[in-house]
Amino acid sequence: MYGRYTQDLGTFAKDEAARLRLQEGDTPRPRRPSELLEYTQGRCAPCRVCALQCQRFLISKVGEDWVFLILLGLVMALVSWAMDFAIATCLQAQKWMYGGLDTNVLLQYMAWVTYPTVLITFSAGFTQILAPQAVGSGIPEMKTILRGVVLKEYLTLKTFVAKVIGLTCALGSGMPLGKEGPFVHIASMCAALLSRFLSLFGGFYENEARNIEMLAAACAVGVGCCFAAPIGGVLFSIEVTSTFFAVRNYWRGFFAATFSAFIFRVLAVWNKDEETITALFKTRFRLDFPFDLQELPAFAVIGIASGFGGALFVYLNRKIVQFMRRQKTINRFLMKKRLLFPALVTLIISTLTFPPGFGQFMAGQLTQKDTLVTLFDNQTWAKQGISDEFEYLGILEAWRHPRSNVFVTLVVFILMKFWMSALATTIPVPCGAFMPVFIIGAAFGRLVGESMAAWFPDGIHTDSNIYRIVPGGYAVVGAAALSGAVTHTVSTAVIVFELTGQISHILPVMIAVILANAVAQSLQPSLYDSIIRIKKLPYLPELGWGHHEKYNVRVEDIMVRDIRYVTLNCKYRDLQQVLHSTKMKNLPLVESADSMILLGSIERTQVGALLSNQLSSQRRLLTLRQKALSEDGHRLSDSSIRFQISTETSSGTPARPALRKPLKPALKRVPSSPADSPPAGSADHTGIALKSLFCANAATEPTEVR
């Protein structure tokens, strides 16, 4: 009906090429490719040819994307495992120092405070000296880069080294900081460096569009190898870094993230940290009856409260940074003493978490990993608020205090960790905020779960069956809800499932995360968008709730109409009036006041500098000397000077090679009468030549005033 092709296009192309070869009289014969000729000379020629052929075979058979993604996943898994090993060693060293000085509380305090202060100070100093771009999370910068903006020095080897070493020291100090955001940046830098390295073997690695696709896959790898959560990592990277996601990158992200997470967990088994490949924070909630439908309102309350808490965390973090920047005295002092602020913040936080001191009310001696393991515990810690009814074993002993119950400990932990995390994430070191917020949410969920267990000590009765409430499930819901509220993502629910290894609470987790996002998005931007606004990165965030009417706003509604401009016919007096009457940094150049055709713009400072140069005392002396030497001695009147654009240089101006401008504008004076015109062959001099004002390199084209 619609017609059809009689021959496949590829077959037709081959037949046509063979026909053309026969017409030219060329007999097809096997010959060595021209690319191999340079490898056929020298003693190692066979090895070079063999290596090149093997490389071509791998790229043609396996595919360059597969090779790249396997290398990326392998490298990131090794980096993640090595960093986790170094961080665990640093935290163990702090515990060893603290435990070895148990005979003297003062020495214990000095060791507890000095150790993290030294590590944080070293991290801040090392990062500031080597690569200041490594400071912070890195996700806001990656959002900007994936939008097509080029940020200088953000994806270099120097920044990679500073980010890895600085993040290791920062997390090894035990401060409430995270590694998820920095790992997205690290994976992106690793992808960029791999592209540069592999570009030595093939030119397709130099394609800019392809590099953007690989950066999108690298963001998923960063989350996947950090939490061993490939599915959640891909979804989280799409939600956080991409406004428009190309579906063709979907398989790249899944493949690289899965391979990276697999190698990361295999390394843990090889190091005998785990017996087999399991979830990082494996839970053992009952599967036959994980929760009752009557508990759903409690899960919804967790989601709504987490939404308000996430918005408050973003607001508090932004206000701390703005306060430090607006206080000129403090800002000036901290700019001179760059290491004082991180050292002071570390000193305050480590003092408050000192276990024999105030830290005994907030489980101060537990690391972030131990804290999360205890919060996800499926046993009930207290009944009716009496902590003695539960036997605390192992690291659970940190939550027990003889003069208070578990509810007081959890409330103090949540309140203290909340402002500590908001303050700690402002330190100029490589750090993220996902893990501290995740732990705070888990503690809040645990508090609600323990409260429900105290209100219903025998569980909720359903058809003569009694099922006790599991507070650990509430902790999982709270962790996903608060982290989703801060980052404005729903994929934290999937990350929680992969972290715990169970999806028994999939319904309450999804309800809480959606409600938390709804509340948080209506109040504050996400943490990453807030950092983008603080850093003033070239990025347009999405409009929040209540701002949809701004979609109808046009450029003409917000543009400034009353602006001063420079015309081609303006004189020195007009330029002076424009400079004195406006504070604009750039002045537009139009053809005339009637047509208002925009020809270009020039910076205000450049106009002032060129005017000063044209009217300097040296130029005036030169003009007087030339007047004395001139034979005609005619004078120019101010009223006869006007300017026009010409595409040819004046005869008296020395020629300059135009490398980038095929049509170089030159602005010259046009005499008002034939009597005023200079004789043929003489130099065409101008009063204040606009050519000098609007050329990029006016110093190389001197104009003389006559």
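These legends describe close-up views of a predicted model. Residues are numbered from 1 along each chain as its sequence is written, and side-chain values use heavy atoms, without hydrogens or water. Local features need pLDDT of at least 70 and side-chain atom pairs pLDDT 80 or more, while totals for chains, interfaces and linings use all residues.

**View 1. A nonpolar surface patch that includes Ile165.** Phe122, Leu157, Val161 and Ile165 make up the patch, with about 330 Å² of accessible area together. Areas come from the Shrake-Rupley method with a 1.4 Å probe, and only the protein chains shown count as cover for residues. Patch residues have over 30% relative accessible area and no salt bridge (a Lys or Arg side-chain nitrogen within 4 Å of an Asp or Glu carboxyl oxygen); nonpolar side chains are joined within 5 Å, like charges within 9 Å. Helix α6 (residues 157-172) supplies the largest share, 3 residues. Ile165 lies in helix α6.

**View 2. The stacked pair Trp81 and Phe85.** Ring centres are 5.9 Å apart, with 20° between the planes. Rings of Phe, Tyr and Trp (its six-membered ring) pair if their centres lie within 6.5 Å; planes under 30 degrees apart are stacked, over 60 edge-to-face, the rest tilted. Both residues lie in helix α3 (residues 64-100), 4 residues apart. Helices are DSSP runs (H or I, at least four residues), numbered from the N terminus.

**View 3. The edge-to-face pair Phe376 and Phe438.** The centres lie 6.4 Å apart, the planes at 85°. Phe376 sits in the loop between α14 (368-375) and α15 (406-424), Phe438 in helix α16 (residues 434-455), so the pair ties together parts 62 residues apart in sequence. Both are buried (under 20% relative accessible area; exposed is over 50%, partly exposed in between).

Notes
Helix = DSSP H or I, 4+ residues; strand = E, 2+ residues; numbered from the N terminus. Buried < 20%, exposed > 50% of the residue type's maximum accessible area, 1.4 Å probe, protein only.
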